Amino acid sequence: MSNMAETINSDSSEELDTWISQYCSMFGRDWFVEVDPEFIEDDFNLTGLNSSVPFFREALDTILDLEPETPIRQQNLPLVEHAAELLYGLIHARYILTKQGLQAMAEKYEQKQFGVCSRFYCEGMHLIPVGRYDQAGIETVRLYCPRCCDIYVPTSSRYLNIDGAFFGTSFAGVFVKMYPEIEEQCQQSRNRVYELKLYGFKISPLAPSGPRMAWLRSTPQTVEEIAEYDACEFELPHDEEVDVEIYDDDDDDDEEDEVQVSRAIKVTPKPESKRADDASDSMKSIVKE
Ligand SMILES: [Zn+2]
């Protein structure tokens, strides 16, 4: 029995000793999943990486725990180790787009390992690591919230030196499409936006401090809204109220801008908002004086 236990122990310790498992268990590397060595051994998966990673062959041997064909010079050892980390990161970005990789990342996502969104209306939505660039060395990793559709800087400093390219630009999109329950969960409260109030009164969306960016968080719901949304990219909306608003306005240089604003937020300014505008105008004149 004791022999058996020993062999099991030695097996598991051997597994822990691979370069990949060691790297992923390092401090601040817990967002990485362990890439299957078979994935790395397939040359197709490494296409194009040899030109962007120095000491490519040596780095690859390091990752796969293979003896290098020609011994690495002592002074190059740190460079090879750095190249191995870079190569592993770039392979990692490709691996997490595969079925196996997505599953491994989903486990971490489920356990909130990437943290939760700090925006109140996102109700603790789990975050997804994402890079804004696929080239290494440009920017560190960001966290994407599928509910507010925005990205954030990791709050813990231990992740601030992880390259965004090690997760890549496509991962968050593929992940959300792969697990549609995430999008379903987000639909429930996606449109909720905090509105600033003054003594209980709403602020006009046209005022500088008004909720003018609320439309950013709104998504078309009905078929008509989707059609209108599609159309507004190429033509002016056939909305009488908006038309009236355009021609009622005084001769303004910003006429076009205003059309855009009223179209985007779909709000026809009411008399109160006009008054608010007047008020802000008079405020401006006071400030000028
Ligand atoms: Zn959020």
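Reader: What counts as a helix or a strand here, and how many helices and strands does the protein chain have?
Author: Helices are DSSP runs of H or I with at least four residues, and strands are E runs with at least two. The model is a predicted one. On that definition the protein chain has five strands and 12 helices.

Reader: What percentage of the residues in the protein chain is buried?
Author: A residue is called buried if 20 or more other C-beta atoms lie within 10 Å of its own. The protein chain has 289 residues, and the buried share is 21%.

Reader: Which element supplies the largest share of the largest nonpolar core?
Author: The largest nonpolar core has 41 residues, and Ala-59, Ile-63, Leu-87, Leu-90 and Ile-128 touch the most other members. At least two core residues come from each of α4 (56-63), α5 (77-95), β1 (128-130), β2 (142-145) and α7 (171-178). The largest share is nine residues, and the element that supplies it is α5.

Reader: From which domains does this core draw at least three residues each?
Author: The domain bounds come from an automatic or database domain assignment. The core draws at least three residues from each of domain 1 (1-95) and domain 2 (97-192).

Reader: What span is expected for α5 at 1.5 Å a residue?
Author: α5 has 19 residues, and its first and last C-alpha atoms are 26 Å apart. That reach is close to the expected span, 27 Å.

Reader: Against which helices do the buried residues of α5 pack?
Author: The buried residues of α5 include Ala-83, Leu-87, Leu-90, His-92 and Tyr-95. Leu-90 touches Leu-49, Val-53, Ala-136, Ala-165 and Phe-166, leaving aside residues up to four places away in sequence. As a group, the buried residues of α5 pack against α2 (19-24), α3 (37-41), α4 and α6 (99-110).

Reader: Which residue in β2 is the bridge partner of Ile-128?
Author: β1 and β2 pair in the antiparallel sense over three bridges. In β2, Arg-142 and Tyr-144 point one way, Leu-143 and Cys-145 point the other way, and all are buried. The bridge partner of Ile-128 is Tyr-144.

Reader: Which residue in the turn between β2 and β3 has a positive phi?
Author: β2 also pairs with β3 (residues 150-152) in the antiparallel sense, over three bridges. In this pairing Cys-145 stands opposite Asp-150. β2 and β3 form a hairpin with four residues between them, and the turn residue with a positive phi, about 55 degrees, is Cys-149.

Key. Residues are numbered from 1 along each chain as its sequence is written. This is a predicted model: local features need pLDDT of at least 70, side-chain atom pairs count only at pLDDT 80 or more; totals for chains, interfaces and linings use all residues. A nonpolar core is a set of buried Ala, Val, Leu, Ile, Met, Phe, Trp, Tyr and Cys residues joined through C-beta atoms within 7 Å. A residue is buried if 20 or more other C-beta atoms lie within 10 Å of its own, exposed if 12 or fewer, and partly exposed in between; C-beta atoms are placed from the backbone. Two residues are in contact if their C-beta atoms, placed from the backbone, lie within 7 Å. The expected span of a helix is 1.5 Å times one less than its number of residues. Two strands pair if DSSP finds at least two bridges between them.
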